[in-house]
Each structure stands twice: as C-alpha cells, then as structure tokens.
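Hi,

Here is the model I promised to pass on.

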Amino acid sequence: MRRRLEFPLLPLLLAALAACGRGGETGRSQAQASAPAPVTPLPPVSVAWLDSLARDYVARKHLVGLSVGVAQGDSIVFARGYGFASLADHSPVTPGTRFAVGSVTKQFTCASVLLLQESGRISMRDPVSKYYPHLTQAEEVTLLDLGNHVSGYRDYYPLDFVDREMERPTTADSVIAEYATRPLDFAPGTRWSYSNTNFLMLGRVVEKVSGVPYGTFLAQHILTPLG
C-alpha cells in the first residue's frame with residue numbers, strides 16, 4: 001500500500017475561509033466566543049546561557065566555526081560567532097561570516113515549485129514522467145514524493161565529506177541520468193530516505209517549467225520581492 005505524506009495547510013486554509021464567509025452577527029458572536037486566550041509572553045532569552053551552550057557545543061564537537069542567531073518576536077536577541085572562519089589565518093567567525101548555503105536551498109526549491117503550482121503551471125501531483133519520462137518508474141513517482149524524500153531514488157551524495165566523484169565537473173541532468181535510472185531503493189511512498197537526487201530533479205523541473213535558470217527564478221520571485 002502506498003502511504004503519502006501530505007501538506008496540511010490546505011484543509012486549514014479552507015476551514016479559515018469557510019469561517020470568514022459566515023459573516024453577520026452570528027459570525028462575529030462565534031468569533032468572540034471562540035477567541036483564544038491572550039498569549040503569555042516568553043521570558044527573555046538568557047544571552048549568557050546561549051553563549052555557554054554554543055561554546056560547549058563547539059568544544060565537544062571539535063567544530064572549526066559557526067555563527068548563531070536567535071530572534072524573539074521582531075528582534076534579534078542574540079548573534080555571535082565562534083571558532084575560525086579560516087584555519088589558514090585563524091580569522092574569527094562573526095555574525096556576518098558567510099557559510100556555504102548547502103541544503104538550506106531545499107526549502108527554496110519547494111517554495112519555487114509551490115509558487116509555480118499557485119500560478120497553475122505545475123502540480124505537486126504531477127508524475128516525474130511528465131518532465132523526465134525515461135527515469136526509473138517515473139510514472140509512479142510524483143513531485144510531492146520528491147519533495148517529501150519518499151521517491152525511492154538513490155541519493156547521489158550520501159557522504160558527509162567531498163569525495164573524488166563530487167569534485168568532477170558535471171551537469172544536473174548527467175547526475176539525474178546516472179542515479180535516477182537505477183532500480184529504486186524502495187517502492188514510492190512506502191519509506192522515507194533523504195535524497196539530494198530528489199531536489200536536483202525538482203530544481204531542474206523549476207527551470208524546465210519557468211524557462212529560466214534556478215537562480216534567476218529565485219531572484220525574481222522570492223529574493224528580490226522580499227528585499
């Protein structure tokens with residue numbers, strides 16, 4: 001049996017719209033009767049405790065360096081760097097040190113696909129075969145499966161370090177052709193397994209549908225609008 005992981009936002013949104021549509025005095029009285037209790041403010045963040053926690057973590061894990069930022073409400077209450085930005089010159093990490101973005105891009109990839117879905121140009125229910133017809137069981141795997149890491153496609157980069165294969169120049173489609181044409185690790189939707197291959201495919205789907213490079217799409221539809 002196929003098991004699906006679903007986005008729970010749509011039912012909640014529909015329920016909210018239904019409540020808003022009731023209108024009249026009845027709607028207002030119901031809203032007043034069910035108004036939530038005032039939220040108790042969170043206690044102030046202990047800067048000394050956070051600093052101690054970060055220092056201890058760096059020491060125990062033998063980390064080279066990291067930066068920590070904590071926001072409470074609308075304010076940044078803690079922002080400090082620890083360790084070194086470079087072992088060559090022992091320059092320190094600061095709150096403004098830039099790190100490799102890594103898998104933080106995955107949330108932007110899903111956001112891009114959802115933006116295309118909102119405009120009617122794509123659906124998370126689309127089978128992978130619509131965009132890559134020759135991949136393994138592509139007609140059985142959906143874009144939602146890719147985003148939820150339940151596709152069964154082998155991860156092209158499961159290591160915690162960069163090996164020789166990762167250092168060779170290649171293209172996204174070449175990696176997809178190599179790893180997504182192998183037998184699936186499991187039947188789609190039956191297991192969860194983190195796979196960078198999934199998101200490489202989603203990123204290429206964004207490019208195929210939008211007609212622009214991934215970075216250009218992000219700049220036009222997410223980064224620039226957000227300032």
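What share of the 227 residues of the protein chain counts as buried? The figure is 29%, where buried means under 20% relative accessible area, exposed means over 50%, and partly exposed lies in between (1.4 Å probe, protein chains only).

Some housekeeping before the details. This is a predicted model, with local features needing pLDDT of at least 70 and side-chain atom pairs counting only at pLDDT 80 or more, while totals for chains, interfaces and linings use all residues. Residues are numbered from 1 along each chain as its sequence is written, and side-chain values use heavy atoms, with hydrogens and water left out.

On the overall layout: the protein chain has nine helices and three strands. Both are DSSP runs numbered from the N terminus, with helices being H or I over at least four residues and strands being E over at least two. Read from the N terminus, the order is α-α-α-β-β-β-α-α-α-α-α-α. If you take the contacts between residues at least 6 apart in sequence, 61% of them join residues at least 24 apart; contact here means heavy atoms within 4.5 Å.

Among the buried ones are Phe-199, Met-201, Leu-202, Arg-204 and Val-206. The buried residues of α8 pack against α4, α5, α7 and α9 (214-226). The length of α8 works out too: at 1.5 Å a residue its 15 residues should span 21 Å, and the end C-alpha atoms are 21 Å apart, which agrees. That expected span is 1.5 Å times one less than the number of residues. Just after α8 comes Gly-211, with a positive phi of about 80°.

Now the helix pairs. Two packed helices are described by the angle between their axes and the distance between the axes. The axes are lines fitted to C-alpha atoms, for helices over the stretch in contact, and the angles run from 0 to 180 degrees between N-to-C directions. Angles under 35 degrees count as roughly parallel, over 145 as roughly antiparallel, 65 to 115 as roughly perpendicular and the rest as oblique.

Start with α4 and α8. Their axes come within 10 Å and cross at roughly 40°, which makes α4 oblique to α8. The crossing of α4 past α8 is left-handed, meaning that the near helix is turned anticlockwise from the far one by less than a right angle (clockwise would be right-handed). On the α4 side the residues are Lys-106, Thr-109, Cys-110, Ser-112, Val-113 and Leu-116, and they meet Asn-196, Phe-199, Leu-202, Gly-203, Val-206 and Val-209 of α8. By class, this contact of α4 with α8 has seven nonpolar, four polar and one charged residues. The classes are: Ala, Val, Leu, Ile, Met, Phe, Trp, Tyr, Cys and Pro as nonpolar, Asp, Glu, Lys and Arg as charged, and the others, Gly among them, as polar.

From α7 the contact takes Ala-172, Asp-173, Val-175, Ile-176 and Tyr-179, and from α8 Thr-197, Leu-200, Met-201 and Arg-204. That gives six nonpolar, one polar and two charged residues in the contact of α7 with α8.

Then α4 and α9, which pack at an angle of about 75° with their axes 11 Å apart, and are therefore roughly perpendicular to each other. Residues of α4 including Phe-108, Leu-115 and Leu-116 meet residues of α9 including Tyr-214, Phe-217 and Ile-222. The contact of α4 with α9 divides into nine nonpolar, four polar and no charged residues.

Asp-126, in the loop between α4 (105-118) and α5 (143-147), is buried at a relative accessible area of 11%. Beyond its neighbours within four places in sequence, Asp-126 contacts Tyr-131, Val-141, Thr-142 and Leu-143. Gln-137 is found in that loop between α4 and α5, has a positive phi near 45° and is partly exposed at 30%. His-62, between α3 (47-61) and β1 (65-72), has a positive phi near 55° and counts as exposed at 70% relative accessibility.

Cheers
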